[in-house]
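Please open the model in your viewer and keep the selection tool at hand. The tour below moves from one selection to the next and says what is there.

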Amino acid sequence: MKPTIYDIAKLAGVSTATVSKVFNRTGNISEATRSKVVRISRELNYQPSMVASALAGKNTFSLGLLIPDLVNPFFAELARHVEDRAHELGYNLIICNTDNDIDKEIRYIQLLRQKSVDGIIVATGVRDDDALKELIDQQVPVALVAREMSVLSASTLMVDDFAGGYSAASYLLELGHRRIGLVAESLTVSSSKERIRGYRLALEEAGLPYEKALLAVSDFSVEGGKAAAIKLLSQSSPTAIFACNDVLAIGVMQAAKETGLKVPKDLSIVGFDNTILATITDPPMTTIAQPIRAMGHQVVDLIIQEIQDERAVKQRVVLLPELIKRGSTSPRED
């Protein structure tokens with residue numbers, strides 16, 4: 001026989017009303033009581049009816065997460081931390097991998113609405129503003145992470161991409177490099193644009209011109225990063241390359257090897273994200289670290305705050321990146 005709310009109340013030594021308040025996050029319930037009820041419900045494997053809750057206008061204690069590509073270690077790690085925090089707070093998570101496909105994004109948004117999720121976290125560079133605007137108009141809580149869309153009234157959690165790009169270029173300049181190539185993803189994505197803007201400012205402050213010939217745009221793949229780097233190396237002769245994420249940086253490393261260049265003796269390389277990839281390359285990769293765990297946890301806190309209080313103020317939280325120095329960079333040898 002399936003456990004009921006009455007079984008939980010009996011074991012916890014509280015009323016069924018108290019159990020209901022814990023599940024619906026209403027009323028003034030002590031943290032000790034809440035934790036006890038949640039623990040017992042998990043031990044009993046209690047599964048409340050999500051459909052019934054939705055029909056009754058109550059929370060379903062489920063969240064949706066839209067990510068662009070699970071192959072990207074950054075988004076895989078982000079999803080893990082979002083899931084961990086959601087479960088910690090009593091929510092289930094539905095992860096939707098969109099492959100940067102606008103049609104898949106729309107279909108997943110429709111699916112999440114059908115599932116009556118309490119809120120949707122968006123980590124994709126959604127190109128259909130109307131789809132998200134409609135959610136917001138329907139008072140569905142929406143929060144953005146690692147992405148920013150100024151046209152939307154939604155809480156946003158992101159890293160300072162401008163500061164990250166500036167830090168990467170400044171460090172290479174400190175090492176004596178003057179021809180610094182840049183391999184970037186789509187220029188329509190806010191994070192890429194901001195990282196490039198930071199890179200350009202660092203060059204400007206060093207008295208160096210921005211050369212379009214030193215910028216190569218790649219699709220998101222190791223192969224794309226490799227092809228872009230080979231083009232830069234053959235046409236512009238950079239002594240260092242800043243790649244806008246660790247996956248592209250792996251491609252740059254492969255390009256260096258294929259063209260007979262040694263890293264970092266002949267070519268210094270800086271990535272972005274500080275995913276596990278950065279620690280297993282040879283040599284280990286210098287990269288700009290995003291605080292992925294904090295990003296995942298804090299965006300969940302933002303959206304649950306809005307779920308619990310529809311009057312909650314929309315917030316824009318910006319976390320600082322950190323330069324992690326490893327073996328893929330060294331001073332310029334003349």
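Begin by selecting helix α8 (residues 161-174) together with helix α9 (residues 190-205), which pack at an angle of about 40° with their axes 6 Å apart; axes are lines fitted to C-alpha atoms, for helices over the stretch in contact, and angles run from 0 to 180 degrees between N-to-C directions. Helices (H or I, at least four residues) and strands (E, at least two) are DSSP runs, numbered from the N terminus. The angle makes α8 oblique to α9, because angles under 35 degrees count as roughly parallel, over 145 as roughly antiparallel, 65 to 115 as roughly perpendicular and the rest as oblique.

This is a predicted model, in which local features need pLDDT of at least 70 and side-chain atom pairs count only at pLDDT 80 or more, while totals for chains, interfaces and linings use all residues. Residues are numbered from 1 along each chain as its sequence is written, and side-chain values use heavy atoms, with hydrogens and water left out.

Next, select the strands β2, β1, β3, β4, β5 and β11, which in that order form an open sheet with parallel pairing; two strands pair if DSSP finds at least two bridges between them. At the edges stand β2 (92-97) and β11 (316-319), each with a single partner strand, so one side of each is left without a neighbour in the sheet. From one strand to the next, the twist averages 15°.

Now select strand β5 (residues 155-159), which is joined to β11 by 4 bridges, the two running parallel. Within this pair, M158 has V318 in β11 as its bridge partner.
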